[in-house]
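Please prepare a briefing on the structure shown below.

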Amino acid sequence: MDASDYGGAPNKPKGKYEAMTICFILGIGSLVSWNSMLTIGDYYYTLFPKYHPARVLTLVYQPFAIGTMIILAYYESKINTRRRNLAGFTLFFFSAFFVLVVDLATSGKGGIGPYIGICVLAACFGIADALVEGGMVGDLCFMCPEFIQSYLAGLAASGALTSILRMLTKAAFEKSNHGLRKGAILFLAVSSFIELVCIFLYAIYFTKLPIVKYYRSKAALEGSKTVAADLAAAGISTKTKDQGGYDDKQQERLSNKQLFHENLDYAVDLFFIYAVTLSIFPGFLYENTGTHRLGTWYPIVLIAMYNIVDLISRYIPLVPWLKLESRKALLIAVFSRFLLIPAFYFTAKYGDQGWMILLTSFLGLTNGYLTVCVLTVAPRGYKGPEQNALGNLLVLCLLSGICAGAVLDWLWIIGNGTF
């Protein structure tokens, strides 16, 4: 069967809701391992109290994610998306598994050796994130907006899932010997299993859904070469230029530079959304919010509230009249989030835990809502290959914002005697 048989079909095939469900699960798999490492931060603070693990691990993770993403975004049009995504999920699986191995091999003991090992694995998470997140967002940008919304919701769901699981394990193991360690081991085991499920879902099931084959065939007819392997796995052949069937005018596309200039405001939006968020989450919430009645539960509750509200907010744009589409309004909303930085500072200094929980929830609300608005609106009006390239460029800006936020997060502790 040829790509034109699917891409030229007048009606979209069935399988939309199955695809949305799989996109949601793949979104969970794209961040669950990394979120697990962040969520068990209280365990790492008992093992490595002097090394600021929440901040250091994020700072190690991000340069590898950005460095890999720069290379992938530059060569995006020549990269086999199927191999890229499968390589990313496989690397996530092995990295999560080896974090578990490091803990078991050292019997949960601290020290510089295990800490360096965990930092190396955090770097592997960064590489895997660039492979998967850029690959999936680029791939879903030329499909219907509900797919990318479901994927982004899955990213947030991974945080909510790990937070809820962390609260359950803390309650179950709090009074037992090595309770934190037992919870951490359970986390890593669950994460490894989810990554394994994602490998099989993407490799076998997602590729063969009729609606996915339709969108990929349509992209192939518009000149996309990145979908060829996925179409071949689904039993659909794509014609090369030598074989004919290509319209040279249809194959023309905007360069990455042109796409970036046309969408500079969206790139700025994503950069500053995550720069502000990561300058507060998770390091500030773990180390700079003081001591309150919730005791050791306090940072766990804050992280959980952020993740849960972040997830809920990613469904708000599904209601048409609640979706923010104006480019100017998006910029205003993004830059207004800078007010959260002094708000968190004064709340930590003078407010009680209720106000901090409310403020953290608002941080998650604006983060998830604005992310979905930008990434579902930006690809409109472009051809498949351009949408794929734009998706990769926007993910690069998103990861750059995360890295900038992780660096700025250190400013909270400079001068307080614990640097």
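Cysteine 397 is buried, with a relative accessible area of 10%, and cysteine 403 is likewise buried, at 16%; buried denotes under 20% relative accessible area, exposed over 50%, and partly exposed the range in between (1.4 Å probe, protein chains only). A search of the whole structure finds 0 disulfides, a disulfide being a pair of cysteine sulfur atoms within 2.5 Å. The model is predicted: local features need pLDDT of at least 70, side-chain atom pairs count only at pLDDT 80 or more, and totals for chains, interfaces and linings use all residues. Residues are numbered from 1 along each chain as its sequence is written, and side-chain values use heavy atoms, with hydrogens and water left out.

**Overall architecture**

- The protein chain comprises 19 helices and 0 strands; helices (H or I, at least four residues) and strands (E, at least two) are DSSP runs, numbered from the N terminus.
- Of the 419 residues of the protein chain, 56% count as buried.
- Among contacts in the protein chain with a separation of 6 or more, 85% are between residues 24 or more positions apart; contact here means heavy atoms within 4.5 Å.
- The accessible surface of the protein chain amounts to about 17,500 Å², and 67% of this belongs to carbon and sulfur atoms. Accessible areas come from the Shrake-Rupley method with a 1.4 Å probe, and for residues only the protein chains shown count as cover.

**Leucine 398**

- Leucine 398 is part of helix H19 (residues 384–408) and is buried, with a relative accessible area of 4%.
- Apart from neighbours within four places in sequence, leucine 398 is in contact with Glu133, Leu270 and Tyr274.
- The C-alpha atoms of leucine 398 and alanine 275 are separated by 8.5 Å, although these residues are 123 residues apart along the chain.

- Glutamine 149 belongs to helix H7 (residues 145–173) and counts as buried at 3% relative accessibility.
- The side chain of glutamine 149 reaches the backbone oxygen of arginine 314 at 2.8 Å.
- Not counting residues up to four places away in sequence, glutamine 149 touches Arg314, Tyr315, Leu318, Val372 and Thr376.
- Threonine 366 lies in helix H18 (residues 353–377) and is buried, with a relative accessible area of 12%.
- The side chains of threonine 366 and arginine 337 are joined by a polar contact of 2.9 Å. A polar contact is a pair of N or O atoms within 3.5 Å; within protein, one must be able to donate a hydrogen and the other to accept it, and residues adjacent in sequence count only if both atoms are side-chain atoms.
- With its neighbours within four places in sequence left aside, threonine 366 is in contact with Arg337 and Leu340.

**Salt bridges**

- Side chains of opposite charge can pair when their charged atoms come close. The count comes to 8 salt bridges, each defined as a side-chain nitrogen of Lys or Arg within 4 Å of a carboxyl oxygen of Asp or Glu.
- Lysine 16 and glutamate 146 meet through their side chains in a salt bridge (3.6 Å, N to O). This pair links distant parts of the chain, with lysine 16 in helix H2 (residues 16–39) and glutamate 146 in helix H7, 130 residues apart.
- Lysine 16 is partly exposed, with a relative accessible area of 29%, and glutamate 146 is partly exposed, at 25%.
- Aspartate 139 forms a salt bridge with arginine 216, and their closest N and O atoms are 2.5 Å apart. Aspartate 139 lies in helix H6 and arginine 216 in helix H9 (residues 210–221), so the pair ties together parts that are 77 residues apart in sequence.
- Both aspartate 139 and arginine 216 are buried.
- A network of salt bridges links Arg82, Asp139, Arg216 and Asp230.

**Nonpolar surface patch**

- Tyr51, Ile112, Ile116 and Val120 make a nonpolar surface patch of about 360 Å². Patches are made of residues with over 30% relative accessible area and no salt bridge; like charges are joined within 9 Å, and nonpolar side chains (Val, Leu, Ile, Met, Phe, Trp, Tyr) within 5 Å.
- Valine 120 is found in helix H6 (residues 112–141).
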